[in-house]
Amino acid sequence: MATDTKKEVKAPSKVKSLFKSPARITLMIAGLFFILALVESLTGATDISSPGTSGATLRFAIPLLMAGLGGLWAERAGVINIGLEGMMIVGTWTAAWFGYLHGPLMGFVAAAIFGLASGFFHAILTVKIGIDQAVSGLAINLIAAGGARYLSGVFFPPVGGDRTVSPPVDSFPTFTIPVIAPILEKIDSQNIFFISNLAGILHGLTKDVSLVTIALLLLVPLTSWILWRSKFGLRMRFSGENPMAAESLGINVYRIRYIAISVSGMLASLGGAYLALVASSVYREGQTAGRGFIGLATVIFGNWRPGGVFAGSILFGFTDALRVRQSESVMSLIMVAGIVALVLSIFYSINRRWKPGLISGSLALVAWWIHQRVDVIPQEFVTVFPNFATLIVLTFLAQRLTPPAMAGMPYRRGSE
Amino acid sequence: MKKDRIFWGTVAPLAALVSSLFLVSAILILRGANPITIFQVMISYGFEPRNLVSELNQTVSYYLAGVAAAIGFKMLLFNIGIDGQYRMGAFFGAVVGAAVSLPPVLHVLLIVITAMLAGGLWAAIAGYLKVRRGVSEVISNIMLNFIAAAIIAFLLGEDLLGILPEGSQNVQTRPIPLSGQMPTFKLFDGEIYSFIFVAIFVGIAYWIMLNKTVFGFNLRATGLSFRAARSSGVNAPGMIFITTVLSGAIAGLVGLGTLLSDTHSYSMAFPSGFAFTGLSLALLGRNHPVGIFFAAFLWSFLERAAPVLEYEGVPPEIVIVMQGTIVLSIVVAYEVVARINLRQQQRAVGKANVELVKESK
């Protein structure tokens with residue numbers, strides 16, 4: 001309620017333009033890498049830009065990305081999808097079982113079909129019948145979790161009495177991009193400041209890539225194109241912002257929502273399939289581990305934009321990868337964050353925007369304090385970093401966020 | 001009119017139960033099992049005196065979670081943070097209870113108050129974000145649940161507040177001394193938590209608060225219409241905040257039955273998932289203290305009787321599916337009933353209008 005009124009008043013032109021142009025974004029990313037390289041050479045933590053980490057980041061980020069895109073599709077059309085977690089479970093289970101029976105490709109196809117069905121189910125409940133969107137999503141989570149366990153008990157051959165793990169599935173072929181990857185590897189081993197760090201990261205992204213990863217990554221520009229450039233996307237955003245007005249202009253809001261939510265389920269399910277087939281090669285109970293909810297978080301973190309969702313999932317995937325690989329590196333990451341906050345604070349102060357300047361300045365101080373006082377960040381906190389970050393964004397930047405106005409609100413055709 | 005409401009109020013849950021029974025029967029037949037024998041086995045096992053007692057003990061926790069959710073629902077708040085609030089309550093109750101030594105009754109009282117405070121304060125974060133920042137309580141509470149679990153997992157570390165008892169794999173808090181424990185009563189073959197009386201008290205207090213006090217009136221008014229309440233002088237945002245905290249405080253009690261009468265310490269073995277259970281029970285029981293009790297008992301009954309399905313060759317997780325479908329069908333049933341009622345009302349108004357027009361002619 002409070003957000004709506006304030007959004008109109010505030011128009012931070014200067015800051016906005018900083019983030020807008022592609023050249024500047026590139027420059028900023030380069031600056032970020034520079035700080036990263038600086039911190040690495042100062043602290044001696046080499047794992048942040050190692051090829052292993054960037055590869056793992058990608059593997060951890062894709063499921064979050066898919067869940068996030070799923071959430072984005074649903075919310076842009078005006079329906080919140082809390083069932084993302086359950087739809088991911090649908091994806092992990094069907095992908096593993098059909099992958100085991102007919103090969104990994106069929107696993108993906110099956111996951112897409114069943115995910116579409118689970119999204120359609122959510123659409124029937126929320127759009128057609130009009131029950132509370134959160135209740136429907138949570139019930140889907142429960143039914144999917146219970147259903148997967150039930151079906152595991154029925155179908156999976158017991159492996160030593162354990163029915164919570166599927167039989168292993170053949171893995172997808174991976175390939176290393178020729179010419180480029182070896183060159184990058186060579187540069188990485190040269191230990192040149194900045195350039196080697198960059199090469200290390202790129203090397204990890206070009207080595208042992210799965211085709212699935214690339215295909216799924218392409219869904220980001222595709223979503224972006226659909227949302228901002230296509231007729232359907234315009235109608236979809238319209239039914240998320242103001243379904244009544246959309247209906248009055250002859251748009252079939254119900255149909256748009258049916259399609260968008262079904263696609264949402266499919267995307268989340270594909271994220272689950274990726275977990276089962278690419279990131280590992282079995283279905284395991286509890287494999288999704290709350291990733292659907294983190295996907296929901298990336299939607300907020302990314303301000304309901306495909307690019308933002310992508311950035312959010314990379315960031316969260318990165319912390320996940322560091323947690324698994326080398327938790328000491330998390331400390332250097334905090335240093336990076338601290339330096340970024342400091343730079344931002346200086347930037348804001350030059351522009352005489354005192355409040356954000358003060359906030360980022362104190363964040364820098366906090367980062368410095370943590371670095372001085374704490375030896376190792378406990379694993380538990382690294383795990384919930386996405387949740388925490390989202391809460392912080394919601395708390396301090398709520399006025400800058402632009403969620404679809406009617407996301408989560410019940411809408412009946414022909415009534416207010 | 002009132003008769004109508006009671007009729008529809010009971011028809012909807014029954015219809016939901018029947019339809020989910022049909023669905024589960026279909027799944028069981030697909031599995032090649034006879035649903036009638038399965039249900040018979042479940043009922044006869046679930047009503048064995050020994051199992052009845054443990055079901056009642058479980059009902060205590062579920063009931064409190066249901067009441068916590070119901071308080072929120074009365075305000076149109078979807079308190080999915082019950083999970084985190086219950087963890088905070090049980091954990092800090094256990095820590096404080098183990099750290100002090102007081103006379104028996106006071107000790108228990110201190111633990112209960114600590115738990116309510118911890119749960120309430122944790123909920124206050126979501127309440128603040130909702131009222132001051134316009135953040136949906138669903139999103140903030142989901143995030144807060146994860147964060148609460150992480151904070152407790154961290155604090156349970158061996159060098160902080162946790163200990164590792166000999167011969168155990170589970171880290172836990174220091175045990176609460178005898179003065180801070182609640183007795184159990186013998187019933188049939190088992191021991192029933194005396195915390196059940198607290199749950200009954202909470203149920204009665206909830207009903208009185210809602211129906212007999214000004215605060216309860218304001219609460220219901222704000223839930224029915226934020227704007228109407230506000231323009232008639234109710235501090236509606238304040239009511240939202242207080243209701244959130246109250247709901248969190250009740251949620252803080254959820255784990256105390258087990259803590260005070262059984263385990264006497266908090267460990268990671270404390271179950272999770274109370275949020276959705278509580279919300280389901282409040283929906284199933286229509287936010288009524290008695291309705292929630294029956295719903296809570298049904299839930300614990302299903303869970304207690306589930307393992308017996310293993311012997312019949314059916315994976316017991318079918319019960320989770322059953323719970324999910326019960327919730328969905330009940331919500332759908334309410335929605336359909338509400339729409340039928342609305343149409344009847346509209347028709348009645350239309351008829352009255354026509355008659356008015358005729359008379360004036």
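Please keep in mind that the model is predicted. At the A–B contact, 38 residues of chain A meet 32 residues of chain B. Within chain B, we stop at a hairpin built from β3(B) and β4(B), at the crossing of α4(B) and α6(B), and at Asn287(B), which is buried.

**Where chain A touches chain B**

- On the chain A side, the elements giving two or more residues to the contact are α1 (2-9), α6 (104-129), α7 (133-155), α15 (291-301), α19 (379-383) and α20 (385-396).
- Among these, α7(A) supplies the largest share of that side, with 13 residues.
- Sorted by class, the side of chain A that touches chain B has 24 nonpolar, 11 polar and 3 charged residues.

**A hairpin in chain B**

- Strands β3 (residues 184-187) and β4 (residues 190-193) of chain B pair in the antiparallel sense, over 4 bridges.

**Two helices packed in chain B**

- Helix α4 (residues 82-99) and helix α6 (residues 137-155) of chain B have axes that come within 8 Å and cross at roughly 25°.
- Angles under 35 degrees count as roughly parallel, so α4(B) and α6(B) are roughly parallel to each other.
- The crossing in which α4(B) passes α6(B) is left-handed.
- From α4(B), the residues in this contact are Asp83(B), Gly84(B), Arg87(B), Met88(B) and Phe91(B).
- Facing them from α6(B) are Leu144(B), Asn145(B), Ala148(B), Ala149(B) and Ile152(B).
- By class, this contact has 6 nonpolar, 2 polar and 2 charged residues.

**Asn287(B), a buried loop residue**

- Look for Asn287(B) in the loop between α12 (274-284) and α13 (289-305) of chain B.
- Asn287(B) has 20 other C-beta atoms within 10 Å, and a residue counts as buried at 20 or more, so Asn287(B) is buried.
- Although Asn287(B) and Ala70(B) are 217 residues apart along the chain, their C-alpha atoms are separated by 4.9 Å.
- Leaving aside residues up to four places away in sequence, Asn287(B) touches Ala70(B), Phe73(B), Lys74(B) and Ala282(B).

How values were computed
Residues are numbered from 1 along each chain as its sequence is written. Chains are lettered from A and ligands numbered from 1 in the order in which they are written. This is a predicted model: local features need pLDDT of at least 70, side-chain atom pairs count only at pLDDT 80 or more; totals for chains, interfaces and linings use all residues. Two residues are in contact if their C-beta atoms, placed from the backbone, lie within 7 Å. Ala, Val, Leu, Ile, Met, Phe, Trp, Tyr, Cys and Pro count as nonpolar, Asp, Glu, Lys and Arg as charged, and the others, Gly among them, as polar. Two strands pair if DSSP finds at least two bridges between them. Axes are lines fitted to C-alpha atoms, for helices over the stretch in contact, and angles run from 0 to 180 degrees between N-to-C directions. Angles under 35 degrees count as roughly parallel, over 145 as roughly antiparallel, 65 to 115 as roughly perpendicular and the rest as oblique. A crossing is left-handed if the near helix is turned anticlockwise from the far one by less than a right angle, and right-handed if clockwise. A residue is buried if 20 or more other C-beta atoms lie within 10 Å of its own, exposed if 12 or fewer, and partly exposed in between; C-beta atoms are placed from the backbone.
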